[in-house]
Amino acid sequence: MRLTSLLPDGEPNCLVLKVRQMLIMLDCGLGQEQLYAMPVREGGLIDDHHLKENNSSTTGSAGDITTGGTGSKRKLEETDIRQDWASFLKASSMQFPSKKHARGSHSNSQTTQPASSSTTTGATSSLSGSTDGTIPAAANTTGIPSKSASTREYMFKLPDFSGVDLKAIDVVVVSNYNHLLALPYLTEYTDFQGRIFATEPTIEFGRQLMIEFVTFFGTSVTSSPHEIIDRKELVARAGAGLYPAYTHADIKACIDKIQPVRFREHISLFGSLKLTAHSAGYCLGSSNWLIQIGTENIAYVSSSSTQQNLHPDLFDGTLLENASTVVATDLCPRGSFTYDNGVNQVCQTIAATIARKGNVLVPCTISGFLFDLLEDVHLHLGRMGLLTQVQYSFVSPVADTALQYSNILAEWMAPRKQEMVYIPEAPLLHGILLEKEKGIAKHYKSVHGAFSSDLKLPCIVFGGHPSLRSGPMVNLLHMWGNKSSNTILFIEPRMDVVSSMEPYENLAITQHAVQLDIRLSIDQLVDVMNKYRHPRHVLVPVSATNSRESDGTSELADTKRTTSTSSTRWSSYKVGESVQLGMGSLYESVLLSEELAKGILPQAFGNVSFAPIAGSLSIYNNQMQLKPASVQGRQLLSLYTQRLLLGVMNLPNLLAGLTAIGVVNMEVTESEGTEEKETGEVPEIKVGFELHGQAATIILREKETILKCDETVRSLLREPILKCFQCF
Amino acid sequence: MTIQIVPLGAGQDVGRSCILVTIGGKNIMLDCGMHMGYNDERRFPDFSYISKTGDFTEMLDCVIISHFHLDHCGALPYFTEMCGYDGNIYMTHPTKAICPMLLEDYRKITVDKKGERNFFNSQNIKDCMKKVVAVNLHQTIMVDDDLEICAYYAGHVLGAAMFYIRVGEESLVYTGDYNMTPDRHLGSAWIDKVKPDVLITESTYATTIRDSKRSRERDFLKKVHDCVASGGNVIIPVFALGRAQELCILIETYWERMDLRVPIYFSAGLTEKANHFYRLFINWTNEKIKSTFVHRNMFDFKHIRAWDRAYIDNPGPMVVFATPGMLHSGTSLELFKKWAPDPKNMVIMPGFCVAGTVGSRVLAGEKMIKTDSFTTIEVNLQVKNLSFSAHADAKGIMQLIRQCEAKNVVLVHGEKSSMGFLKSRIMTEFGIPCFDPANGTTVSIETSHVIPIEMSASLLKQHLIRQTETQDPGMTTSSSPEHSSSDDNSEQSDFKTPVDIRPSDKVLIQGMLVMDDGKPIRLEDADDVLEKVGMADHKVRFEVRKAYNATALRRAVENAESNERQGSSAMDTDESQTGNSYQEWDSDGFALNLVYVALERSIGKQIKVVRDEEDNSIVIRSVKIRAPTDKDEFEKGGLLVGWDYRDEDLATRVLSIVTLALSANR
């Protein structure tokens, strides 16, 4: 089997697994890193004029960048898109010099990548390779920048599809909503024809995330991405190019192509491939996949959590029991908070802010552990006696759907939560908070309209995009960012707080970063592997390892510094590199028909029994069945039959056997090997006799018995000889 | 192998569903319902059939409940708490949620109002539900190592499921009650093509083919509207959950559209709670409700208010949904008693009524109904029956059989007469056996037994290569054994071209089955296996003398040849020639050549036959046919055939060909 990762470590997952003839894509996430290099856009898709009014103070300087971006975008219509990436990156690094420092080597590798991997972009390579002074040059080459016509396009880097034959991909499995943002590109912009599987909640939350993504970062009305994106380019250069967001129509088309599954639902494809989703415990509907090909079992362990007392269904380790190979992805980085500590900090921070009549901004997606956190926060505020003053607001284009939908998913929740619906009560607390008569929590599509009229201070606002580049949080930061009594609280993992806050450096708002991460850490992963049967291979992202040995195995970065053992081999994968793994002997599932099974004669050797078998294997409807062969088939088979004898020749037995069939006057001569010229040093025993007037000789050697006789008596002599052995 | 099915209830009957199944050595109880037409011990299934000693936990591997109707789950608390069954119980999430409510509701009516004994109490219901494992649709549950169950959507009521049960290679589908047409709040039943050995299906509407849904709805609404317009009261007996919700949606939208002001009441106190269940289990309703629930929850009714007993004397028309649905007790019976004498009023029976209940007698058109020894109701009001009960009709049942490709069908949960009709239809249309066992009688169904094994992929590959190599490229299918045995050969060659394109679908396989305790049975290459276990094989070689009459042989051959060349005239010249050349004639070489030609012709296509001129021998694998080499052998004469025991079968074949080739009787 071969595993290739299409996105860098730390980004959402996108891997391609080739096992035997099957090509399986594991998740299809969209790189988020370049978001931080982009300018701020307020409140999603709104026009330029509006933006400038509200945003003059902080993004005044960012206007230049956007022009640069626009210029590139114009050019892309005539040439291609990749220019944007370079110019955006350049511009942003010039604009925010601290970024490079903050993001360290990662940012460097990002800048070099497009340049090195692109072949047709000499101009771009030289651009990104040269100094800061090239930005105006870039703008000049693309024509006269015009501010009034500027459309702020966000450009995204796709997984590196260049080395993959997308048309040949048989199946895509999606583990949870964090890892499917690039799916519409795959289904709507390439010639991908495979099937896609995800659990029902993953599809719904994924759809919501896509809608949020398009609302925040989508292209403006002037141009459709279908016109801009050259499909061939996308496939060939996906790793290098930058592409605008897809459209709402694409989302719908893409979502319709995903086939919903439930946990432990067996999906059988092409006869030899079986897929089963198992609960990962990370969020509603989050799944790990067991991929069975023939008798080979591969477990794809994506974002998983063994954290106690969360609302999603518990981590189901049974998929590891039969897995020989485990692909582990999306692990919790080292040095993260423990969840419980983190929650306490979040509660305290919120309570302290509310107590001083400040507002709290929590940029996050409305899903996942937020539902649990909300309960803890609500409980804490209750204990502190702050409940009466507080109002929760959820602001997102999908807030309404996300909150309501999550509460009808009791089947996907932990047993503790499932019990709630039998009362019946809404399993998640926000169901009760949102009830109209209570008015404790409210949801809004955006900060425009009812949000400001309903507003009761102090207020806790959830929503927006954690990158703070677009969405309602941008407006709210302008509104409340100047007061230090207000707090902005980062809780989402997988994001760069420093980069997020760069455009808002001068704001007085209190910042707290308590990134709650419930994903498995490498230590937990090792524990989980040890708890269930030890798989033969475990593949982990390179960031979870300390070093890589020459034989491809790795030392893990856990506290025990686990290395490969004879039973389990740990190795690592990273982007742009494919890992080859040998597989054990392969087996196919076959059904043995009753008729044929009746005829077999097993012989026992200790615990194991053997039985020779011959038949005709019919392959029909993707199922193989072994049946008795026809007359002609049997005749044909007999030509190939290889019989086997086991055991050692035993002279007394042979003699007894011969006597039994009426042989008399046997002449037994033993010869030392040296006497015989031909046979060299092999000692042999010769038994000579006559039967029915025909002379016959049996020669016994250590590993060989030879019968020399006339054809007519052979059938008689055969039995006594074979009786000394076990024959098949 | 045999699958045995015994209905303890619902055999040629509706109500008290309880079917025992033995499959692959596992005993499973499908549903555990009560009969609402009886008030004595016939109410519950006869559990003593399972075990005389009451050791039910030991006897049964699991109990599966298809949906929350009491004729499918009503006896469950009795079975677990009073009979002592303590094993696995499976049902879907909504069933687990709603079932205890209905049980409690029914218990109140039977015990608290009627004062009956030998009935479970509230605590029993709670304890019973704690033992239940809730399952999700399509989720495969391993009850133990061999027994696997999987639920499919059945549509009948919220959370209704069909269950696919598999042990080894034997499988069974139990439908419970199902509906093949979607209604206002539920989707239609659906199942994979699971090809079960047995399909146990309900057959409530075995003989009915209902008209379109829409016209039935229109009919229902018109009747209600007409009645209230003329000042009559409408009573619609329903069960609190299920059909009631669909009718509520229907009436609610109609009232809104027609702007009617006539009050609608829903009797049971359950309503609010029931609707809350529907809101939480939106996922189990149909697509339309699912997609709109965020904006408008269909189960928030504007026009429908809770019923209060005081309203019974209110003047003027009203529409009342009253529980229970079969008019056997509670509010619906009370209202019916009150309104029955007035012909302006109307009762609409939207569901099925079990024989013996007041409902069924109303439907039968009885004009004087005696409910108990003190009361007799005079029935003057209009009685309408609407087939709104969400069961599959005959068309739906046939559709399901086709969908899952069942090999046998067992009909339950229906009236005997209509079952017979459906049974004959199934047998003629699908050509599969169909049964309709009565309660307590056993149906045994033989299943073909196949054993799953694992075959080494390299072994398969090896054989596939051999198969393609040994056959002419154009002969791929025609020379495959099954084909040549069944088809006429001449026909084969005539229609060769289209056949050529198809890949071979039959491969001859030889190998060694390895049976190791606790591991799957594997089919491997024989040599590899023995090497792995470390068993050295002993070589046994046979060398036999094949005597033949050289002179007779030559003469025979020459005769045959000359016959071919010149006809039968040239006998004399042959005679003289042979006489001369016999001196230095190499008879063995001649014989070997003959043998070689014969071998090449017969088995040369499959196996390489080597003629070694130098060594004066023919070699086929380990089989070696040679001329005598030493003096001793010369004296005896004949050819020498040697082979390893490994190739015993090949040698036998070769020997027979040699015998034929060397025989003088050509």
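Which strand of chain B do 7 bridges join to strand β33 (residues 704–710) of chain A? The partner is strand β26 (residues 539–546) of chain B, and the two strands run parallel. Helices here are DSSP runs of H or I with at least four residues, strands are runs of E with at least two, and both are numbered from the N terminus.

A quick word on conventions. This is a predicted model, in which local features need pLDDT of at least 70 and side-chain atom pairs count only at pLDDT 80 or more, while totals for chains, interfaces and linings use all residues. Residues are numbered from 1 along each chain as its sequence is written, with chains lettered from A and ligands numbered from 1 in the order in which they are written.

Now the two chains. Chain A has 25 helices and 34 strands, and 51% of its 728 residues count as buried. Chain B has 23 helices and 30 strands, and of its 666 residues 44% count as buried. Buried means 20 or more other C-beta atoms within 10 Å of a residue's own, exposed means 12 or fewer, and partly exposed is in between, with C-beta atoms placed from the backbone.

Next, contacts: two residues are in contact if their C-beta atoms, placed from the backbone, lie within 7 Å. Take the contacts in chain A between residues at least 6 apart in sequence: 71% of them join residues at least 24 apart. For chain B, residues 24 or more positions apart account for 72% of the contacts with a separation of 6 or more.

On to the interface. Chain A puts 79 residues into the contact and chain B puts in 72 residues. On the side of chain A that touches chain B, strand β27 (residues 608–620) of chain A gives the most, with 13 residues. That side of chain A holds 42 nonpolar, 23 polar and 14 charged residues. The classes are simple: Ala, Val, Leu, Ile, Met, Phe, Trp, Tyr, Cys and Pro are nonpolar, Asp, Glu, Lys and Arg are charged, and the others, Gly among them, are polar.

Back to our opening pair. Two strands pair if DSSP finds at least two bridges between them. On the chain A side, strand β32 (residues 694–700) of chain A pairs with β33(A) in the antiparallel sense over 4 bridges, and Ile699(A) stands opposite Ile706(A) in β33(A).

Zooming out, what is the order of the 9 strands in the open sheet? Reading across, it goes β30(A)-β31(A)-β32(A)-β33(A)-β26(B)-β30(B)-β29(B)-β28(B)-β27(B), with mixed pairing. The edge strands, each pairing on one side only, are β30 (667–671) of chain A and β27 (610–612) of chain B. Ignoring direction, neighbouring strands of this sheet are turned by 15 degrees against each other on average. Helix α21 (residues 587–603) of chain B packs on the sheet and touches β27, β28 (617–620), β29 (623–626) and β30 (639–644) of chain B; the direction of this helix makes about 25 degrees with that of β28(B). Axes are lines fitted to C-alpha atoms, for helices over the stretch in contact, and angles run from 0 to 180 degrees between N-to-C directions.

Let's look at a helix pair in chain B. Helix α12 (residues 394–404) and helix α13 (residues 416–430) of chain B pack at an angle of about 40 degrees, with axes 11 Å apart. They are therefore oblique to each other; angles under 35 degrees count as roughly parallel, over 145 as roughly antiparallel, 65 to 115 as roughly perpendicular and the rest as oblique. Ala394(B), Ile397(B), Met398(B) and Ile401(B) in α12(B) meet Leu422(B), Ile426(B), Glu429(B) and Phe430(B) in α13(B). By class, that contact has 7 nonpolar, no polar and 1 charged.

Finally, one residue: is Asp31(B) buried or exposed? Asp31(B) lies in the loop between β3 (26–30) and α1 (56–59) of chain B, and counts as buried because 31 C-beta neighbours are inside 10 Å. Leaving aside neighbours within four places in sequence, the contacts of Asp31(B) include Ser17(B), His72(B) and Gly176(B).
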